[in-house]
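Visitor: I've got a structure open and I'd like to learn how to read it. Could you walk me through a few features?

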Amino acid sequence: MGGAILLGALAIWIVGNFLQTPASFASVLMIGITNGAIFGLIALGYTLVYGILELINFAHGDVFMLGGMMAATLALGLFSLVEGTSAYVLYPALLGTLVIAMVFCAALNALIELVAYRRLRGAPRLAPLITAVGVSFILQNVGLIWKGPGYVSLPRLLPQGEVFSAGGVSYTWDKLIVLLVTAPVLVGLILLVQRTRAGKAMRAVAQDPDAARLMGIDVDRTISFTFALAGALAGAAGFLYALYVTTLRFDVGFQQGLLAFTAAVLGGIGNLAGAVLGALIIGLIQAFNEGLGWLSPGSDWTQSIVFSVLILILVLRPEGLLGERTPEGG
Amino acid sequence: MRRVRARAGALRAQALALAGRYGGDRITARWRRLPPRLRGPLLPVLLIALAAGYPLYRNDLFALPVVGSFPLVGTAVAMLIFTMMALGLNVVVGYAGLLDLGYVAFYAMGAYFVGWFASPIFAGHSAHVGSVGVDPRSPGIHVTVWLLLLGAGIATAIVGVIIGLPTLRLRGDYLAIVTLGFGEIMPQVARNGDDFLGTGVNLTNGAQGINPIDSPGFGSWLHDHLGLPEAFSTAVNRVSLFYWTALALLLATVFCTRRLRDSRLGRAWIAIREDETAAAAMGVPLARSKTWSYAVGAFFGGIAGAFYASFKGGTFPEDFFFNISIFILSMVILGGMGNIWGVIAGGLLLSYLDREGLANIGAWVNSTFGSNIDVPKYEFGIFGIILVVVMLFRPQGLIPNRRRKAELEAGVADEPLSGMRSQ
């Protein structure tokens with residue numbers, strides 16, 4: 001009931017904004033989808049880890065942040081890319097940056113699991129959650145020491161030209177590139193989880209680790225693999241964030257991580273498609289709130305709105321949009 | 001009766017014999033000789049007396065190795081207040097076993113409550129109710145801080161219940177996330193509240209914060225007749241006055257949380273912490289007990305926040321970041337969840353390190369090894385390491401609660417994490 005009223009109000013607000021300024025509505029929509037794609041990569045990491053360990057990996061957002069820092073360092077330092085570097089150099093260099101950032105974050109995330117979570121598998125659930133918060137602080141501090149307290153800014157390396165434009169709305173290349181990187185990663189991930197042996201092992205461990213062990217699955221290795229996979233996704237997200245948003249700071253992982261986690265819960269934590277759906281919704285909420293003129297509180301309130309949505313979702317539908325009802329959430 | 005006396009006599013003889021055998025251990029023997037009724041409260045009374053006198057003898061104390069001087073009295077006020085918050089959080093996390101990651105919301109609520117009713121922020125209105133040390137013609141609402149402390153506690157407890165209500169159905173991680181959400185919303189409201197949701201209403205004065213906030217005091221009548229300070233703000237020993245008030249508040253918190261723990265409600269909390277399902281089956285009212293734990297925890301957080309804002313003379317949004325929630329949680333965990341002594345130790349230690357200790361240790365390291373390390377820069381990394389290391393190697397904390405320790409070791413607090421153990 002309450003949910004229906006809220007949805008109705010939301011629909012009126014969105015339609016009202018669309019009627020007021022259709023052109024800016026369309027461009028805000030595209031920004032929202034692009035942001036949502038980046039959130040989706042981070043949210044998948046949360047959901048993968050939660051699915052297998054039932055652990056909220058608080059440090060995940062900071063792994064994403066360090067991935068972004070790594071990408072920035074590589075792009076500026078190693079490959080010394082600048083605005084207007086020729087495409088023959090730019091794209092291979094960016095690809096290299098992406099791969100290294102992903103490998104770096106995968107290794108980092110697997111290492112975190114090994115050091116901070118593995119010993120606590122049998123412990124009460126509070127224990128690994130608290131070490132996760134501790135690791136998050138450590139990683140933020142690493143970011144702070146590595147890049148200082150200010151923003152790291154990159155030149156606009158991705159091309160800003162129009163892909164197409166219609167009715168005064170233009171779609172730019174950088175947004176398309178974000179989607180072009182995200183889409184294959186998502187498809188690859190879903191194929192990996194659903195079609196490969198490693199994916200089957202992951203699903204088995206998520207369902208029942210003891211039974212999985214009896215079936216000959218190496219549970220520790222599977223969990224490490226899951227963390228590495230989540231880390232690789234965070235690395236890709238960090239790379240895209242660094243190039244698309246072009247500014248990042250040591251605490252950006254915490255902020256974006258919270259939003260992405262919200263997205264994962266919104267879609268139904270543990271559910272891969274749900275994480276992507278939730279991320280798109282959060283991306284749209286953020287873009288609508290910050291970009292639309294009519295009755296929107298503005299960017300100062302984005303986090304408050306996102307968290308209000310999270311709280312409402314947890315109260316009204318704890319299992320999330322696509323999730324299954326569990327004793328934990330129900 | 002006679003038997004008891006005879007037994008006491010025998011004990012005394014034993015103690016005397018001990019004292020005779022270990023000539024140097026006279027004090028221990030004396031201690032053993034004390035009747036138990038005295039022995040129990042003696043240590044706390046001594047500690048309280050030592051703490052109460054601190055502002056008087058602090059300047060005459062010797063220098064400590066490594067950290068240098070003893071903490072300043074102003075630092076000690078902050079230490080006491082943060083310890084009070086840790087004790088409040090201990091009710092929620094330590095007793096009821098509900099993970100609250102947004103405790104800073106209560107701290108903020110208390111601080112802004114006193115900001116609203118004891119500062120010039122609402123300059124359009126003018127009301128003075130027992131305020132001291134303020135010009136009676138000055139604009140804004142000025143209510144006496146004593147009343148506001150209580151008011152802040154109650155208002156915050158109500159907010160705690162409001163936050164708690166939607167989370168009652170949730171368990172474990174979900175609960176943590178909802179409280180985290182509230183804890184994130186609160187500083188944003190504080191930061192942007194000068195134009196609340198774009199409506200132009202000024203609730204928090206935004207990034208400038210609310211200041212000046214009035215100080216407590218006893219007014220001129222009590223000053224003239226009993227010699228009590230008229231207003232803390234104008235007193236010569238302002239910081240000491242705040243120190244003693246903070247100590248009194250902390251002691252009241254210790255007393256209340258101790259009594260609560262042993263009450264029917266407290267036993268219900270501990271039952272919920274140990275096994276929610278079993279507790280419900282035994283007739284423990286889950287929703288009511290949980291809501292009360294939120295209310296009680298919030299109450300003390302609100303008072304602490306209000307008092308601290310009055311001490312600082314202002315409240316600013318950057319005081320209420322997520323970090324602070326974790327900082328207070330670390331005190332509870334480091335000290336030993338559920339154990340009052342442990343939480344006090346953890347609170348005093350961590351807040352001291354935060355305010356003075358780390359900087360002093362850094363200065364000592366730099367002067368001894370000729371290095372140039374900016375230690376406070378690593379502060380949150382160091383706290384992170386403390387959290388991880390304590391959880392990995394001593395999950396029960398420095399001074400563990402015996403019962404809690406058994407839970408942590410046997411893992412009855414919750415379903416073990418999918419029952420997995422590494423091979």
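Predicted model: local features only at pLDDT ≥ 70, side-chain atom pairs only at ≥ 80, totals over all residues.

Visitor: Which residue stands opposite Ser119(B)?

Guide: That's Ile141(B), in β3(B).

Visitor: And what is the strand order in the open sheet of 3 strands?

Guide: Reading across, the order is β1-β3-β2 in chain B, with mixed pairing. The edges are β1 (118–119) and β2 (126–129) of chain B, each pairing on one side only.

Visitor: How do I read a nonpolar core?

Guide: In soluble globular proteins, nonpolar side chains tend to be buried together. In this model the largest nonpolar core has 224 residues, and Ala236(A), Ile81(B) and Val114(B) touch the most other members. Helix α9 of chain A, residues 219–245, gives this core its largest share, 17 residues.

Visitor: Which residues does Ala236(A) touch, not counting those up to four places away in sequence?

Guide: Leu41(A), Leu98(A), Met102(A), Val181(A) and Val185(A).

Visitor: What about chain A as a whole?

Guide: Chain A has 12 helices and 4 strands. Its radius of gyration is 20 Å, close to the 20 Å that the globule rule gives for 330 residues, so chain A is as compact as a globular protein of that length. Buried residues make up 53% of the 330. Of the contacts in chain A with a separation of 6 or more, 75% are between residues 24 or more positions apart.

Technical notes. Residues numbered from 1 in each chain as written. Chains lettered and ligands numbered in written order. Core = buried A, V, L, I, M, F, W, Y, C linked by C-beta atoms within 7 Å. Buried ≥ 20, exposed ≤ 12 C-beta atoms within 10 Å, placed from the backbone. Helix = DSSP H or I, 4+ residues; strand = E, 2+ residues; numbered from the N terminus. Contact = placed C-beta atoms within 7 Å. Pairing = 2+ DSSP bridges. Rg over C-alpha atoms; globule rule 2.2 N^0.38 Å.
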